Amino acid sequence: MYDLIIIGSGPAGLSAAVYGKRAGFRTLVLEKNPMSGGQVLNTYEVDNYLGMPGMNGFDMGMQFREHADRMGAEFEEADVTGIAVEGDKRIVKTRQRDFEAKAIIIATGAAHRKLEVPGEERLAGRGISYCATCDGAFFRNKTAAVIGGGDVAVEDAIFLARVCEKVYVVHRREELRAARILQERLFELPNVELVWNSTVNEILGNEQVSGISIHNRKDGQDRTLSVDGVFIAVGIVPNAEVFLDVVDADQGGYLAAGEDCATSVPGVFAAGDVRTKKLRQIVTAVADGANAVASVQEYNNLSNH
Ligand code: NAP
């Protein structure tokens, strides 16, 4: 039996692993993918993590993992299907086998939200992508559209502008949600065209994406943009589903937990993008990892007396 099992190996999970080992816990990290780092791995450049300006996201993910390794955290690849509570035991069920611990930290992060328009499913991987840094190189000297107006959409567009001949940013409002500094960088790029007040009706193409049909919400007109690639960046959904039979969620489907990361179930904590919070950033995920372990320590002290 482990003292602590951490589900997920993004910044929150890896930070919890470092703090868990420092607290003297026998700590296991369960990770779904063969590579740790979570969403950070797909970020070209992280510009807002203190002390590491302009760091490549992949390198950052690797460094986080190395740190947890060096502290002696154990890692195992497993696909988690749920958790259960039996007295003082917290059980993590996976497709491979069950694992037992005194406490669990859920740090499963979030995944890309789908646009849910015709063509999206059919043309997935045929010109539609959810990760510009992963797939951008396929669109060298071609035309791409980024859908969305948040940090990810703008970062993707900035990245793609270096590779593509032309990049459209299609946003449903007249103002971007992204951080101002990102917007300023975007507006300077000569090969980026902002398409305001527009939603996507359909992604077009037979074998490969050939364009998008868009609807202007202001003048009510539809038109087609010819593009070779569509990068969808319309937000995230929490990877929380398999826990919802045991742990309470908020209205958005995020695991309900405050800054102490304590969920509705004693001994089960939620850290990082998967929990209710205002600001989803690497730095807040890393902070959650530390706070969650502090709460595990408190929980242990309570349950030992
Ligand atoms: P986000 O901030 O939630 O932005 C999603 C964008 O997609 C919004 O502009 C939204 O439009 C638009 N959108 C949502 N649903 C849509 C739909 N059905 N059709 C068309 N457009 C739609 O998501 P994100 O950019 O993926 O970022 C996720 C989180 O990670 C955020 O908290 C973000 O701050 C954080 N993050 C931070 C950094 C950084 O600091 N460098 C980098 C990456 C991510 P509206 O604006 O109209 O709602």
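I begin with a term: two residues are in contact when they have heavy atoms within 4.5 Å of each other. With that in hand I looked at the contacts in the protein between residues at least 6 apart in sequence, and I noted that 58% of them join residues at least 24 apart.

**Entry on the model.** I note that this is a predicted model, in which local features need pLDDT of at least 70 and side-chain atom pairs count only at pLDDT 80 or more, while totals for chains, interfaces and linings use all residues. Residues are numbered from 1 along each chain as its sequence is written, and side-chain values use heavy atoms, with hydrogens and water left out.

**Entry on the whole protein.** I found six helices and 17 strands in the protein, where helices (H or I, at least four residues) and strands (E, at least two) are DSSP runs numbered from the N terminus. The radius of gyration is 21 Å, close to the 19 Å that the globule rule gives for 305 residues, so the protein is as compact as a globular protein of that length; the radius is taken over C-alpha atoms, and the rule is 2.2 Å times the number of residues to the power 0.38. Along the principal axes, the C-alpha atoms fill a box of roughly 65 × 40 × 30 Å.

I then looked up the surface, for which accessible areas come from the Shrake-Rupley method with a 1.4 Å probe, and for residues only the protein chains shown count as cover. The accessible surface of the protein comes to about 15,100 Å², and 46% of it belongs to carbon and sulfur atoms. Of the 305 residues, 49% count as buried, a word that means under 20% relative accessible area, whereas exposed means over 50% and partly exposed lies in between (1.4 Å probe, protein chains only).

**Entry on the ligand.** Which residues come nearest to the ligand? Of the 17 residues around the ligand, they are Asn48, Asp151, Glu155, Arg173 and Arg177, where a residue is near a molecule or strand if one of its heavy atoms lies within 4 Å of it. I sorted the shell into four nonpolar, seven polar and six charged residues, with Ala, Val, Leu, Ile, Met, Phe, Trp, Tyr, Cys and Pro counted as nonpolar, Asp, Glu, Lys and Arg as charged, and the others, Gly among them, as polar.

Next I looked for polar contacts (pairs of N or O atoms within 3.5 Å; within protein, one must be able to donate a hydrogen and the other to accept it, and residues adjacent in sequence count only if both atoms are side-chain atoms). A polar side-chain atom of Glu155 lies 2.8 Å from a nitrogen atom of the ligand, and one of Arg172 lies 2.9 Å from an oxygen atom of the ligand. At Arg280 a polar backbone atom is 3.4 Å from an oxygen atom of the ligand. Taken alone the ligand exposes 920 Å², and the protein buries 78% of that.

**Entry on Arg275.** Is Arg275 buried or exposed? Arg275 counts as buried, at 6% relative accessibility, and its place is in the loop between β17 (268–270) and α6. Its side chain makes a polar contact of 2.8 Å with the side chain of Asp288, and a polar atom of that Arg275 side chain lies 3.1 Å from the backbone oxygen of Gly258. Leaving aside neighbours within four places in sequence, Arg275 is in contact with several residues, including Tyr254, Cys261 and Arg280.

**Entry on Ser295.** I placed Ser295 in helix α6 (residues 282–303), where Ser295 counts as buried at 10% relative accessibility. Not counting residues up to four places away in sequence, Ser295 touches Asp260 and Phe269.

Most residues other than glycine have a negative phi. Glu116 lies in the loop between β7 and β8 and is exposed, with a relative accessible area of 69%. Asn197 is found in the loop between β11 (192–195) and β12 (198–204), and at 13% relative accessibility Asn197 counts as buried.
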